[in-house]
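The sequence and the model are shown first.

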Amino acid sequence: MAADILDTLEQVIRERRHGDPATSYVAKLTARGRAKIAQKLGEEAVEAAIAAVQDDREGLTGEAADLLFHLLVLLADAGLSLDDVRAELARREGISGIDEKASRPAGA
């Protein structure tokens, strides 16, 4: 069975984080710092939202891929992984979204 593409991408990102910024976009973005990574994530989220509102399925697909990529770069920079996200989703399973949000600390 083939590996999950997100797991594969996560591994590639982790391997390239400390590479040569001249030859690796991941290394270049990482070298620019977490704020820049977060900014790129935000830009991709906005672009995905715009494509969705415009009913641009092809655009949304591409922007969603960019969004996931940049999220994985940000998670790696924060020392987190898809497994951490999976564990949080598993923790929330079976809990109403309204109840889950209400259980968070104020401002979270």
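Arg91 has a relative accessibility of 45%, so this residue counts as partly exposed. The salt bridges that share partners bring Asp7, Asp83 and Arg86 into one network. The model is a predicted one.

**Overall fold**

The protein chain has six helices and zero strands, in the order α-α-α-α-α-α along the sequence. Its C-alpha atoms fill a box of roughly 45 × 40 × 35 Å along the principal axes. The chain has 108 residues, and 26% of them count as buried. Of the contacts between residues at least 6 apart in sequence, 55% join residues at least 24 apart. The accessible surface is about 7400 Å², and carbon and sulfur atoms account for 58% of this area.

**Charges and salt bridges**

Side chains of opposite charge can pair when their charged atoms come close. In the whole structure, eight salt bridges are found. The table gives three of these pairs.

| Pair | N to O distance |
|---|---|
| Asp77 and Arg17 | 3.0 Å |
| Asp77 and Arg34 | 2.7 Å |
| Glu88 and Arg91 | 2.6 Å |

Asp77 forms a salt bridge with Arg17. Because Asp77 belongs to helix α4 (residues 57-77) and Arg17 to the loop between α1 (5-16) and α2 (25-32), this pair ties together parts that are 60 residues apart in sequence. Asp77 has a relative accessible area of 18% and is buried, and Arg17, at 14% relative accessibility, also counts as buried.

Asp77 also forms a salt bridge with Arg34. This second pair links helix α4, which holds Asp77, with helix α3, which holds Arg34, across 43 residues. Arg34 counts as partly exposed, with 44% relative accessibility.

How far apart in helix α5 are Glu88 and Arg91? The two residues are three places apart in this helix (residues 82-92), so about one helical turn separates them. Glu88 is partly exposed at 29% relative accessibility.

**A buried lysine**

Lys40 lies in helix α3, which covers residues 34-53. Is Lys40 buried or exposed? The relative accessibility of Lys40 is 18%, and buried means under 20%, so Lys40 counts as buried. Apart from neighbours within four places in sequence, Lys40 is in contact with Tyr25, Leu29 and His70.

Notes
Residues are numbered from 1 along each chain as its sequence is written. This is a predicted model: local features need pLDDT of at least 70, side-chain atom pairs count only at pLDDT 80 or more; totals for chains, interfaces and linings use all residues. Side-chain values use heavy atoms; hydrogens and water are left out. Helices (H or I, at least four residues) and strands (E, at least two) are DSSP runs, numbered from the N terminus. Buried means under 20% relative accessible area, exposed over 50%, partly exposed in between (1.4 Å probe, protein chains only). Contact means heavy atoms within 4.5 Å. Accessible areas come from the Shrake-Rupley method with a 1.4 Å probe; for residues, only the protein chains shown count as cover. A salt bridge is a side-chain nitrogen of Lys or Arg within 4 Å of a carboxyl oxygen of Asp or Glu.
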